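Q: Got a model here that I'd like to talk through. Can we start with the charged pairs and then move on?

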Amino acid sequence: MMAFSLRNIVAFLALFHASIVVATLPSCQTCGSPEPSPPAPEPEAFPPEPEVPEPYPPELAPYPEPDQSPEPSEARIDDDGVFDVTNYGAMADGGTECSSAFSAAWHAACDYPGNSTFYIPEGTFLVGPISFRGPCYNDRSPNVEIRGTLFALSSLSSFKSSYWISFKNLQGLTLIGGPEYGKLDGQGAVEAWKEPSCEKSARCKKLITSIDFINVSHATISNITLSNSKGFHLGLHGSKNIKIYNVKIIAPEDSPNTDGIHVSNSSNISIFSSTIGVGDDCVSIGPGSKNVSVSNIRCGPGHGISLGKYKNEKDVVGINVRNCTINGTENGIRMKTWPGDRPSNAYNMTFEDIVMVNVSNPIIIDQEYCPSHKCKSNEPSMVKLKDIFIKNINGTYSTKSAVIFLCSSEAPCENVQLVNINLNYLVPNSPRQGRLNIKGFLNGLQVINSRF
């Protein structure tokens, strides 16, 4: 640390020029900067960038503007451009609500004319709903480094929007934690999971995503742990060119609607080398998603890896799921649409090199998806599922059917290939019948070198 503070220098200069007006800053109380984060590994190159999606997914209500953030205080800056939230009033005591301090530190880092880091040091912080918004100086986001543990407010009444933490309208964001830190706990068990709508239906009335990325591009998210979300743990909406890796997501098997990672209206997304065990889908890929890669994921418990096509939504194109292990889940790989869905398409989907361990429904197409059993329409889905390639699937399952195709009677499934499928029924000495269950219309099914 330098021997002279900014206050000393300003006071010295004022003796020689009385007309200069200076606003002095309090000295740094943290006395130091965090260690630099290790460089992130380079994943495979992204495919060519498709058409930019709309910023909000139609299936979600527009995100309301949060309460007006306080005016940022004067910058407290280390020499390397690190903005520590404790320098803005955040208390690492686990009991003092810190969203105002976090917001002030973010505004200072966002406005800084150089490389900056929004820094959360070790300790426990209680944080209410907060939005980190851009664009920032020179259209470049600060780096975000989380070494502490964040707890959400437990009461649902504290959340006016559908997220706990959001990053919005940012480019070049890097968010990093670490092996023993960078933890975000949504505290869903305290109140949210006990809501009557969660207990009586398949979808909670109010879902709060722990961390949402909205209209974010060229971002990297790594080395964080998300747990016990009130709803989805991590969401990508209207975003592109995103890498997510070395992420751990955990919630009890019976926690409602706690999807691990949900993608919608986003393109060029790569999710890899992560562990996800939740009460719903480990990874859910929604409408408007293009060029999404999911690899080296350990999934379970949960509902597997799902592709869901919602009502009146955009096409889903170019999904690649590979080298994953799915253990003890309700489903393995699943494609689902609702009855009465209007015409649209989901195509060019590949699932390969996947290990199933005691999975209830390893491979399922469900175009009669109605989790609440209260769907108003008895009309068939008009979503066209085609060009589906399922290869090198091995493991065990616990129900009578390893492969279930419930296709639409009006928009038949088309060009489905099952290649090198080797799935063993866990019940010994049982007759091998009914292992392939087909309903509706399917054009162009090929089953090659497979046993289930």
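A: This is a predicted model. In it, the side chains of Asp281 and Arg334 meet in a salt bridge, at 3.0 Å from N to O.

Q: Where do Asp281 and Arg334 sit along the chain?

A: Asp281 is in the loop between β17 (267-277) and β18 (283-285), while Arg334 belongs to strand β22 (residues 331-337), so the pair ties together parts that are 53 residues apart in sequence.

Q: Are Asp281 and Arg334 buried or exposed?

A: Asp281 is buried, and so is Arg334.

Q: How many salt bridges does the structure hold?

A: The structure holds 6 salt bridges. One of them joins Glu414 and Lys384, with the closest N and O atoms 3.1 Å apart.

Q: What does the bridge between Glu414 and Lys384 tie together?

A: Glu414 lies in strand β27 (residues 413-425) and Lys384 in strand β25, so the bridge connects parts 30 residues apart in sequence. Glu414 counts as partly exposed because its relative accessibility is 31%.

Q: Why do Glu368 and Lys439 count as partly exposed?

A: Glu368 does so because its relative accessibility is 37%, and Lys439 because its value is 44%.

Q: Switching to nonpolar residues. Which ones form a patch on the surface?

A: Leu436, Ile438, Leu445 and Val447 do, with about 280 Å² of accessible area together. Strands β28 (436-439) and β29 (442-448) each supply at least two residues of that patch.

Q: Where is Leu445, in particular?

A: Leu445 is in strand β29. With a relative accessible area of 30%, Leu445 is partly exposed.

Q: New topic, helix α2. How many of its residues are buried?

A: In α2, 10 of the 13 residues are buried, so the helix is largely enclosed by the rest of the structure. Among the buried ones are Phe102, Trp106 and Cys110.

Q: What span should α2 have?

A: At 1.5 Å a residue, helix α2 (residues 99-111) should span 18 Å, and its end C-alpha atoms are 18 Å apart, which agrees.

Conventions
Residues numbered from 1 in each chain as written. Predicted model: local features only at pLDDT ≥ 70, side-chain atom pairs only at ≥ 80, totals over all residues. Heavy atoms only, no water. Patch = residues over 30% accessible without salt bridge, like charges linked within 9 Å, V, L, I, M, F, W, Y side chains within 5 Å. Areas by Shrake-Rupley, 256 points an atom, 1.4 Å probe, with all protein chains shown as cover. Salt bridge = Lys/Arg side-chain N within 4 Å of Asp/Glu carboxyl O. Helix = DSSP H or I, 4+ residues; strand = E, 2+ residues; numbered from the N terminus. Buried < 20%, exposed > 50% of the residue type's maximum accessible area, 1.4 Å probe, protein only. Expected span 1.5 Å × (residues − 1).
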